[in-house]
Amino acid sequence: MFRFPPQGPRRLRIVGLGALALLVASTAVAPASSASPASSTTEQAGTATAGPPGVDEISSSSNLRQIANVPKPGPFNTQAALNSDLAFQDRYVFAGNYDGFVIYDVKNPARPSIVSQVLCPGSQNDITVYGDLLFLSTDSPRSDDSCSSTSVPSSQTVWEGIKIFDIKNKKAPRYIKSVQTACGSHTHTLVPGKDRKAVYLYVSSYGPSSTYAGCPTPHDSISIIKVPVKKPTQAAVVAVPDLFAADNGGNPGGNGSSTTSGCHDITVFASKDLAAGACMGDGILMDIRDREKPRVINRVRDTTNFAFWHSATFNNAGTKVVFTDELGGGSGATCVESVEPTRGADAIYDITGRGDGRELVFRSYFKIPRLNTSLENCVAHNGSLIPVLGRDIMVQAWYQGGISVWDFTNSARPVELGYWERGPLSETERIIGGSWSAYWYNGHIYSNDIQKGLDVLEVRDWRLWSAQLTKFKEFNPQTQPTYLGGR
């Protein structure tokens with residue numbers, strides 16, 4: 001949820017594999033660490049170390065190891081050009097960055113290669129893919145909708161919203177359409193249409209103001225874009241539903257919890273016609289049988305421990321939701337002794353009842369059991385299920401807290417199974433970094449590290465062996481698929 005100062009003008013430019021050959025050749029392959037701090041809340045093998053790792057010092061449990069890293073390519077290799085979310089399709093990983101996106105070929109996960117890079121600035125460039133289409137979120141006021149636009153004050157907003165690219169040729173993506181949305185697009189969620197002739201984008205945005213052009217208060221809605229698959233240039237906003245009309249505008253804030261003025265992120269479970277919204281001060285459950293008219297059927301608040309409802313993940317049975325709390329907005333050091341383990345954490349809710357009578361029932365919190373230094377931004381962030389048969393297990397990013405694999409099969413007693421982290425970026429100053437997103441895709445964990453680039457991790461744990469049986473042709477983590485044999 002970072003917002004940064006204006007960048008200089010850029011032009012859409014595609015860098016092919018040949019131009020980046022030297023960069024890819026420098027890809028680092030890191031060995032597994034032998035160190036593995038233990039904890040009473042962590043089921044992992046290994047020996048304990050004395051305190052947190054030092055600067056760029058990898059620490060991990062013995063069941064996770066890094067097998068590849070591709071540094072951010074120029075001109076993305078600056079501190080302000082933050083890596084963001086990931087999407088997947090066949091042998092490719094699509095990685096968002098505040099200045100555009102990169103397409104990687106991961107046919108060999110131990111040796112990823114860069115296929116192309118598109119320069120197209122617009123915070124935060126949240127990313128999804130569907131067939132030959134790629135969608136990119138812009139959540140900063142721009143002078144126009146081009147990839148050479150410049151940043152402008154919010155009082156002079158000209159354009160922000162969704163950009164659409166044709167990626168049939170992975171070496172040469174083409175920008176084909178833009179759709180402006182109210183308050184921009186901080187994140188978006190791809191929702192398959194019932195007839196597969198169209199896909200929908202649920203666009204989440206927030207932060208309205210009386211001085212923010214195109215984003216006045218109140219703003220308790222999402223924008224729904226319909227994209228005809230065969231005619232994507234006809235994409236347009238078809239609905240702007242108010243999700244908090246029945247609740248007088250959502251959480252008014254106070255006691256450390258956020259005021260609700262829209263949603264940060266939405267996860268859909270299309271096969272079950274369900275969606276879970278992480279909406280700043282509220283967590284909501286929605287019925288999405290009518291894709292253009294999502295209905296809120298239950299909402300929850302936590303004014304004791306949750307500051308900012310950031311994201312959501314269902315279990316495979318659709319009987320649980322894990323919500324994350326991005327305490328401190330992603331820039332704070334919340335994995336320290338002075339911050340309680342119930343804050344900046346995950347909250348696990350069981351879904352009980354049926355139909356419109358379904359409720360979200362709180363069961364427990366989960367937070368990584370390791371303490372970080374005060375120089376490391378660390379808080380719960382993006383993750384996904386690992387398709388383990390008969391268990392509820394997910395992998396999750398914690399910024400500089402690293403990557404965690406944990407089990408919430410017992411909603412009341414979650415337990416960490418393994419972790420990997422590389423230590424702070426500096427000994428003297430807090431630099432925003434770490435894993436923005438960590439997802440399981442077809443046998444490996446892929447992480448987009450804000451400063452260090454694309455990481456690939458291998459898992460060696462008998463408890464997760466069955467996850468190797470599930471393969472997806474396409475995966476957008478906030479468009480949650482179903483896998484056979486899961487809970």
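**The lining of the second largest cavity divides into four nonpolar, seven polar and four charged residues.** In these classes, Ala, Val, Leu, Ile, Met, Phe, Trp, Tyr, Cys and Pro count as nonpolar, Asp, Glu, Lys and Arg as charged, and the others, Gly among them, as polar. The model shown is predicted, and for that reason local features need pLDDT of at least 70 and side-chain atom pairs count only at pLDDT 80 or more, whereas totals for chains, interfaces and linings use all residues. Residues are numbered from 1 along each chain as its sequence is written, and side-chain values use heavy atoms, with hydrogens and water left out. A cavity is a set of points, on a 1 Å grid over the protein atoms alone, where a 1.4 Å probe fits but cannot get out, and its lining residues have an atom within 4 Å of a point. The second largest cavity holds about 100 Å³ of space. Among the 15 residues that line the second largest cavity, Tyr399, Arg422, Gly434, Ser435 and Asp449 are the closest to its centre.

**The largest cavity has a volume of about 180 Å³.** Of its 17 lining residues, Ser384, Leu385, Phe475, Pro477 and Gln480 are the closest to the centre. A volume here is the space filled by probe spheres set on the grid points, which are joined across faces, edges and corners. By class, nine residues of this lining are nonpolar and eight are polar, while none is charged. Strand E20 (309-314) and strand E24 each supply at least two residues of the lining of the largest cavity. Strands (E, at least two residues) are DSSP runs that are numbered from the N terminus. In the whole structure, a search finds three cavities of 30 Å³ or more.

**Strands E20 and E21 form a hairpin with five residues between them.** Five bridges join E20 to strand E21 (residues 320-325), and the two run antiparallel; strands count as paired if DSSP finds at least two bridges between them. Tryptophan 309 stands opposite aspartate 325 in E21, and in the turn glycine 318 has a positive phi of about 70 degrees. E20 is mostly covered, with six of its six residues buried, where buried means under 20% relative accessible area, exposed means over 50% and partly exposed lies in between (1.4 Å probe, protein chains only).

**Five strands make an open sheet in the order E2-E27-E26-E25-E24, with antiparallel pairing.** Strand E2 (59-60) and strand E24 (383-386) stand at the edges with a single partner strand each, so one side of each is left without a neighbour in the sheet. E24 is joined by four bridges to strand E25 (residues 393-397), and these two run antiparallel. Within this pairing, isoleucine 386 stands opposite isoleucine 393 in E25.

**The structure holds 23 aromatic pairs.** Phenylalanine 88 and tyrosine 446 form a tilted pair, 5.7 Å centre to centre and with 55 degrees between the planes. Because phenylalanine 88 lies in strand E4 (residues 83-89) and tyrosine 446 in strand E29 (residues 444-449), the pair ties together parts that are 358 residues apart in sequence. Phenylalanine 88 is buried, with a relative accessible area of 0%, and tyrosine 446 is buried at 2%. Tyrosine 98 and tryptophan 436 form an edge-to-face pair, 6.2 Å centre to centre and with 75 degrees between the planes. This pair links distant parts of the chain, 338 residues apart, with tyrosine 98 in the loop between strand E5 (92-97) and strand E6 (100-105) and tryptophan 436 in strand E28 (residues 435-441). Rings of Phe, Tyr and Trp (its six-membered ring) pair if their centres lie within 6.5 Å, and planes under 30 degrees apart count as stacked, over 60 as edge-to-face and the rest as tilted. Ring pairs also link Phe88, Tyr439, Tyr441, Tyr446, Phe472 and Phe475 into a cluster.

**The charged end of arginine 370 sits over the ring of tyrosine 419, 3.8 Å from its centre.** A charge sits over a ring if NZ of Lys or CZ of Arg is within 6 Å of the ring centre and within 35 degrees of the ring normal. The charged end of lysine 272 likewise sits over the ring of phenylalanine 269, 5.6 Å from its centre.

Key: On a 1 Å grid over the protein atoms alone, a cavity is a set of points where a 1.4 Å probe fits but cannot get out, and a pocket is an open set with protein on both sides within 12 Å along at least five of seven lines; lining residues have an atom within 4 Å of a point.
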